[in-house]
Amino acid sequence: MDIIYNLFFYAIAFVLVIAALSVVFLPRIVYSAVSMILAFISVAGIFVLLNADFVAISQIMIYAVGITIIMIFAIMLTGRVSEKKLWIAFAPRTLFAFAIAGVFFVTILFTVTNGFKSLARESSIFSTTLPSIETIETLQTQGTTGIIGKALFTKYVLPFEILSLLLLAAILGAVVMAKKDRDNLINPTTRLIEED
Amino acid sequence: MHDIYIEIFNKLGIPTVLAEITWPVIPFIFVAILLILVVIFLVLMERKVLAWLTVRKGPNRVGPFGFFQTIADAIKLLCKEDIMSKDTNKILFTLAPMIVFAPIMIIYGLMPFTEKFVAINLAAGLFLVFALSSITTVGIVLAGWASNNKYSLLGGMRSAAQAISYEIPLVIAVLSIAVLAGTLNLSDIVIAQAGGFSDGAFFSWNVFSWNIIPAFIGFVVFFICSIAEVNRIPFDLPEAESELVSGYNTEYSGMKFALFFLAEYAAMFIMSVLIVTLFLGGYLSPFSDYLSVTLFQNIIHNQNILYIFMHIEQGFWLIAKTYFVIFIIIWIRATLPRLRADQLMSFAWKFLLPLSLVNLTIVAVFKYFSTLMNG
């Protein structure tokens, strides 16, 4: 079973890396958007391998569909501007992007290779104990949805509610910003009064 | 289905490892055969019922009563030339029908057709169904964009706007089912609807514990939204032939068009199966026990044969209920005119969304009191 697991992991990881690279390097922005769908679905596959079914399906629903559809919408609405060449090597912005990506890469490499081992031991943020086999078996048969739901509505109910309030504020803000122009368009007299 | 497959291999004396390795192929074969059969029958049924409702004869030339009309159409589509106009985006144009078709094929594997006949029995199956069905929207949008045709683009945009708006009341209506059943596993949702309302000859019928009774408003909302999700009249704005030629699939021909066509009818069937599974008791018989069991238990004493009979009956009930739902959908198509785009949006956001929230509240209160009474 271990061999099959590894086989699937490396297959998905290979697809993920290829898809992520093509998001950056493909010449046209629509191709980037499509390969981003592939990248997100591969990430969902890795979540499945980690027995995190709820997170995997959320990944497909929110990232692979929700986010990318909005991106494709944006590409459509901007017309054929998207045909412009996106990737210019040695431009200042490219070098800047490389610098930021490099910093992130080093940080992740440091974490993955247990660079923070001593830190983890002191603060116990990164728990190093693996879950027991029984826990993994119940996860595989019952799924993680129930556990996540219970945790969200008991232990983490306050952060959850604060987050929902934040999202509500964002939605209301978007509505207000979208509505402002239309008021002026429909009722030009109010604008005249304001100008007086 | 997994258990049955492994059991067959064990009885034949073939090692279990071989069964486990070959297993993943089986659901796909099962799904592919089922899908083709269902769509061929569905297209014929739609044309026949529509003809009957509008006092016409319908297809009646190929085979007895026109039964082979769909097969003839399928062969015609297979033989057609695959035309691709000069300014299309070749890669995305080819990819789009596949993105539309593949997720629907996976959803078929998740459906509980009988107690044991579930290809992939997942703990979060219901959630995955909606995640996958939303992927098809991406395919339709891409098809519209890649065609490089203004009608296709408008069709794709309309489809995306419609799918995003109608998915919200749809999912909130489904949330009430998750509250009632306490699980997202589709098989468990069906099993949770068995048992009836109380003991006794009449009240122990399964009909009284179907989810449609506490969640009737949710059923109506789900029904309307699922028609909108599969782009059927009165919500067929993405392919409104009087305004947009044929919408997102205007430029398609041959097998690529056939894939869209297949996906559309397959999605219609799967949505009907989902309505039946969530609200109408799935494969459960409406009576307190399976008819075959009550009829034959005194004649046939072999438990295995009775069990097989029970399975066939479960399949019968599911198919019967599903085709009843499909009949209603076709009936609606023959009756109602198409909505306008602005009516479509305000209907979803100002009417269906509050209604689905009301339904969720009612169901939550119902669930609270029913658990209180049952201890």
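What follows is a working chat about a predicted model with chains A and B.

Biologist: Before we start, how are things numbered, and which features count in this model?

Modeller: Residues run from 1 along each chain as its sequence is written, and chains are lettered from A in the order in which they are written. Because this is a predicted model, local features need pLDDT of at least 70 and side-chain atom pairs count only at pLDDT 80 or more, while totals for chains, interfaces and linings use all residues.

Biologist: How many helices and strands does chain A have?

Modeller: Chain A comes to nine helices and zero strands, where helices (H or I, at least four residues) and strands (E, at least two) are DSSP runs numbered from the N terminus. Of its 196 residues, 13% count as buried, a label that requires 20 or more other C-beta atoms within 10 Å of the residue's own, with exposed meaning 12 or fewer, partly exposed lying in between, and C-beta atoms placed from the backbone.

Biologist: And where does chain A touch chain B?

Modeller: The contact (C-beta atoms, placed from the backbone, within 7 Å) takes 19 residues from chain A and 17 residues from chain B. On the side of chain A, helices H2 (29-49), H3 (53-77) and H6 (133-142) each supply at least two residues, and the largest share, 12 residues, comes from H3(A). That side divides into 13 nonpolar, five polar and one charged, with Ala, Val, Leu, Ile, Met, Phe, Trp, Tyr, Cys and Pro taken as nonpolar, Asp, Glu, Lys and Arg as charged, and the others, Gly among them, as polar.

Biologist: Switching to H5 of chain B, what do its buried residues pack against?

Modeller: They pack against H2 of chain A together with H3 (25-53), H6 (125-146), H8 (186-191) and H11 of chain B. The buried residues of H5(B), which spans residues 90-110, include B:Leu92, B:Phe93 and B:Ala96.

Biologist: Why does B:Phe93 count as buried?

Modeller: B:Phe93 is buried because 20 other C-beta atoms lie within 10 Å. Leaving aside neighbours within four places in sequence, B:Phe93 is in contact with B:Met84, B:Thr88, B:Ala146 and B:Ser147. The C-alpha atoms of B:Phe93 and B:Ala146 are separated by 5.3 Å, although these residues are 53 apart along the chain.

Biologist: How do H11(B) and H13(B) cross?

Modeller: The axes of H11(B) and H13(B), the latter covering residues 303-335, come within 9 Å and cross at roughly 115°; axes are lines fitted to C-alpha atoms, for helices over the stretch in contact, and angles run from 0 to 180 degrees between N-to-C directions. Among the residues making this contact are B:Met268 and B:Ile275 of H11(B) and B:Leu318 and B:Val325 of H13(B). By class, the contact has eight nonpolar, two polar and one charged residues.

Biologist: What else does B:Ile275 touch?

Modeller: Not counting residues up to four places away in sequence, B:Ile275 touches B:Phe222, B:Phe223, B:Ser226, B:Leu280 and B:Val325.

Methods:
Contact = placed C-beta atoms within 7 Å.
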